[in-house]
Amino acid sequence: MAKDTRLSTGTMEKDTRLSTGVEGLDDILHGGLGKGFLYLIEGNPGAGKTTLALQFLIEGARRGEKGLYLSLAESEAELRLVADSHGFDLQNVAICKISPPELAAQSGQQYTVFQPAEVELADVLDTLLAKVREVNPSRVVIDSMSELRMLARDSLRYRRQVLSLKQFFEGRDCTTLLLDERFRDAQEIQVQTIAHGVITLEVLPREYGVTRRRMEVLKIRASNFREGYHDYIILKGGIRVFPRLVSGEHRGFDVLSEVLPSGLAELDSLFNGGVQRGTSTLISGPAGCGKSTLCAQFVQSAAQRGERGAIFTFDETRQSFVDRSLGLGLDLDPFLRHGVIHLEQVDPAELSPGEFVHRIRRGVEDQKWRIVVVDSLNGLMNSMSEERALTVQLHELLSYLNQVGVASFLVLAQHGLLGVAMTSPTDVSYLADNVLLLRYFEAAGEVRQAISVVKRRSGPHERSIRELLMRNGEVSIGEPLTNFVGVLTGTPQFTGGQNLL
């Protein structure tokens, strides 16, 4: 990884990185921000710029570094209110509000109302720099550059003053964050070109549910960082960032080439022995045909072998999933109590793609999950309907799980119940290593279920169509339906024999 260097006492020394104090952001920056440089943090109103800046200063204070927050917009009381709402301790962090009386005293005038256009930019900068000399901090935040821009009146003067501000901090071994408002209809790039690094925070409106927030590191000079958008949330305690998952960073794991049995001999026979470790399986079919039950069968079988697993359900409650499984002979409760199985009911209106992927990654790396179920893709896609790159993110997630040896199961509910008119809301079959197809069909005055494997990337599979039975408190799979033609159409023809029971 490339490191920044600085000229100090006639020699080139490796740059020291400073932790931002924001969970996930240091990972994106490959260690933190380079010490002694000037950075721009820009974003929409409500994006969390102030919160991020306070976390940066508090992290420095925790490490014994002095911090200074210079505010041109918010009062000290407002900043302390923000800090209190998050439980931040502002000890060793100085807050200075550049108020009208201070500026007026320097110019020999009295202002009853603070009008930026009536105060010279040089006076404001002199006040800022005097505070920096007085406190002599290691970390500084200036909030906000939009106030300085209004005082400058034109872009050329504003740029010259920002350059002088940068030169002042370069000689003080002080790391500085400049906060700036970013509006879609008017973007100022003067500070972007001058700053050593630029981080943008963006608020994206959604048609329903919580507001989605994401950040992007536009540049960090002479340093590597993880490019692209990264989702984040603002909670009590500050900002939490979910770094974009890059599956290529997890290559090289030794994955055992073994099959994972389901506990049903006939189901394993369809897969020629079982689902291979480190593969993804798509279970597709109409509503109520047994997709979730088959996933629970695989997870319980893994739990009985001592392997941890996780089920994320979008379409039903946690208790409903447990009760329904128990009614079919799958008792998940003992494994849930001991933490062998993690069953989470996901609220689709409260989730972003990055946060969901991060939850899975943390479970795989920290809790050692070896099997992951997403039930269902319909709920996942509906919760992120505005996300245009969801398929790409899903591809990265499946690739990551495959490379670390985790078996994944994706449930996809098709539209319709019977007949050839059934459709899928999206075609993700090409992403999966295995595809298990379930269908309803009519026979002898009953609606029955059929099951077949239509794809297995790692080897051969059984090509027969069998009947799936869920009755008498158990799940079972019958013999191949050799005496039927057109089972997958929903209205098969019986060709004779004893197969129809």
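The expected span of a helix is 1.5 Å times one less than its number of residues. I noted that down before opening this one, which is a predicted model.

**Helix α5**

I checked α5, residues 121–135, against that rule. With 15 residues it should span 21 Å, and I find its end C-alpha atoms 22 Å apart, which agrees. Next I looked up which of its residues are buried: Leu 121, Asp 123, Val 124, Leu 125, Thr 127, Leu 128, Leu 129, Val 132 and Val 135. Just past the end of α5 I came to Asn 136, where phi is positive, about 55 degrees.

**The sheet**

Then I traced an open sheet of nine strands. I get the order β18-β17-β19-β20-β16-β21-β22-β23-β24, and the pairing is mixed. The edges are β18 (341–345) and β24 (474–480); each has a single partner strand, so one side of each is left without a neighbour in the sheet. On average, neighbouring strands here are turned by 20 degrees against each other, direction ignored.

I zoomed in on one pair. Strands β22 (residues 446–456) and β23 (residues 466–471) run antiparallel and share three bridges. For Gln 449, I find Leu 468 in β23 as the bridge partner.

**Helices on the sheet**

Which strands does α11 touch? I see α11 (residues 318–327) packing on the sheet against β17 (308–313), β18 and β19 (369–375), and its direction makes about 130 degrees with that of β18. I also looked at α13, residues 353–366, which lies across β17, β18 and β19. Against β19, α13 runs at about 155 degrees.

Methods:
Residues numbered from 1 in each chain as written. Predicted model: local features only at pLDDT ≥ 70, side-chain atom pairs only at ≥ 80, totals over all residues. Heavy atoms only, no water. Pairing = 2+ DSSP bridges. Helix = DSSP H or I, 4+ residues; strand = E, 2+ residues; numbered from the N terminus. Axes fitted to C-alpha atoms, helices over the stretch in contact; angles between N-to-C directions. Contact = heavy atoms within 4.5 Å. Buried < 20%, exposed > 50% of the residue type's maximum accessible area, 1.4 Å probe, protein only.
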